[in-house]
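Have a look at it first, and then we'll go through some of its helices and a few of its backbone angles.

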Amino acid sequence: MLQYVVSEDLKQYIRASDITSATQHQRFRQLRAFFNWADENDQLESNPLDDMTPPKKEEKEKDFLRPKDIKKLLSTIETHVLETRDALGQISDLKWLYRMIQVAVATGLRRGELVALQWADVNLENRSIHVRHRGDFRTKGNSERRVPIRGDAEDALVKMHEPGISGQVFTDRDGEPIRPGRVTTRFKDTARKAELDERIHFHSLR
């Protein structure tokens with residue numbers, strides 16, 4: 001029976017107009033596996049898929065944040081800090097996230113790079129950041145580099161900087177370094193409160 005199957009029959013099934021491109025691609029892969037097996041086991045005179053071009057994959061829309069989204073994120077953090085108090089009456093500890101977002105947007109630094117960033121790496125006079133390996137942290141691509149400080153990043157770092165300060169740039173109000181998982185959790189919580197797309201994540205700031 002297989003010898004009676006022609007490519008036109010398969011095209012109609014694979015490229016049906018009522019299915020998504022992802023389903024078309026899945027059908028093509030499944031049939032290709034089957035007909036390749038049949039061909040290898042001498043069940044076919046010719047493979048009807050040999051002349052068929054695979055369906056194009058639908059390009060996934062990239063998740064990114066527009067300037068108005070960034071503004072909404074920062075505004076949400078400001079509101080949260082003003083309106084939220086803990087059991088001891090202290091304001092919400094989210095100022096570090098506000099500054100981290102400002103620096104991330106203006107410099108393109110990744111989450112891991114921001115978490116590992118130390119004041120020894122920041123040169124406000126020359127307006128540059130030295131992204132380098134530190135301890136267990138390695139930069140992506142294992143490549144150290146210098147990044148210019150500009151825009152909101154400069155404003156944020158100047159406000160955070162104190163004479164003689166050392167250690168991690170981003171810490172909570174107790175002086176504890178911010179862990180990567182904490183960045184992800186608090187960022188997602190804030191994005192949800194700001195009613196942004198659920199697919200948005202910290203990397204979307206780059």
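D69 sits in helix α3; helices here are DSSP runs of H or I with at least four residues, strands are runs of E with at least two, and both are numbered from the N terminus. At 8% relative accessibility, D69 counts as buried, where buried means under 20% relative accessible area, exposed over 50%, and partly exposed in between, using a 1.4 Å probe and protein chains only. Leaving aside residues up to four places away in sequence, D69 touches F64 and L196, and a contact like this means heavy atoms within 4.5 Å.

Before going on, keep in mind that this is a predicted model: local features need pLDDT of at least 70, side-chain atom pairs count only at pLDDT 80 or more, and totals for chains, interfaces and linings use all residues. Residues are numbered from 1 along each chain as its sequence is written, and side-chain values use heavy atoms, with hydrogens and water left out.

| Helix | Residues in helix | First to last C-alpha | Expected span |
|---|---|---|---|
| α3 (67-83) | 17 residues | 24 Å | 24 Å |
| α4 | 13 residues | 18 Å | 18 Å |

Which residues of α3 are buried? They are D69, I70, L73, L74, T76, I77, H80 and V81. These residues cover an arc of only 150° around the axis, so they lie on the same side of α3; the arc is that of the directions from the helix axis to the C-beta atoms. An α-helix has 3.6 residues a turn, so residues three or four places apart point the same way. Turned away from the buried side is a face with the exposed residues P67, K68, K71, L82 and E83. The cover over the buried residues of α3 includes α4 and α7 (180-193).

That brings us to α4. Its buried residues are W96, L97, Y98, M100, I101, Q102, V103, A104 and T107, and what covers them includes α3, α5 (111-116), β2 (128-131), β3 (145-148), α6 and α7. W96 has a relative accessible area of 4%. Not counting residues up to four places away in sequence, W96 touches F170, T171, D172, I178, R182, V183 and R186. W96 and D172 are 76 residues apart along the chain, yet their C-alpha atoms are separated by 6.3 Å.

How do α4 and α6 cross? The axes of α4 (residues 95-107) and α6 (residues 151-160) come within 7 Å and cross at roughly 145°. Here the axes are lines fitted to C-alpha atoms over the stretch in contact, and angles run from 0 to 180 degrees between N-to-C directions. On the α4 side, R99, Q102, V103, A106 and T107 meet D152, A153, D155, A156, L157, K159 and M160 of α6.

Finally, some backbone angles. Most residues other than glycine have a negative phi. R127 is not a glycine, but its phi is positive, about 55°. R127 is found in the loop between β1 (122-123) and β2 and is partly exposed, at 41% relative accessible area. E195, another residue other than glycine, has a positive phi near 60°. E195 lies in the segment after α7 and counts as exposed at 67% relative accessibility. Just after α4, G108 takes a positive phi of about 80°.

Methods:
The expected span of a helix is 1.5 Å times one less than its number of residues.
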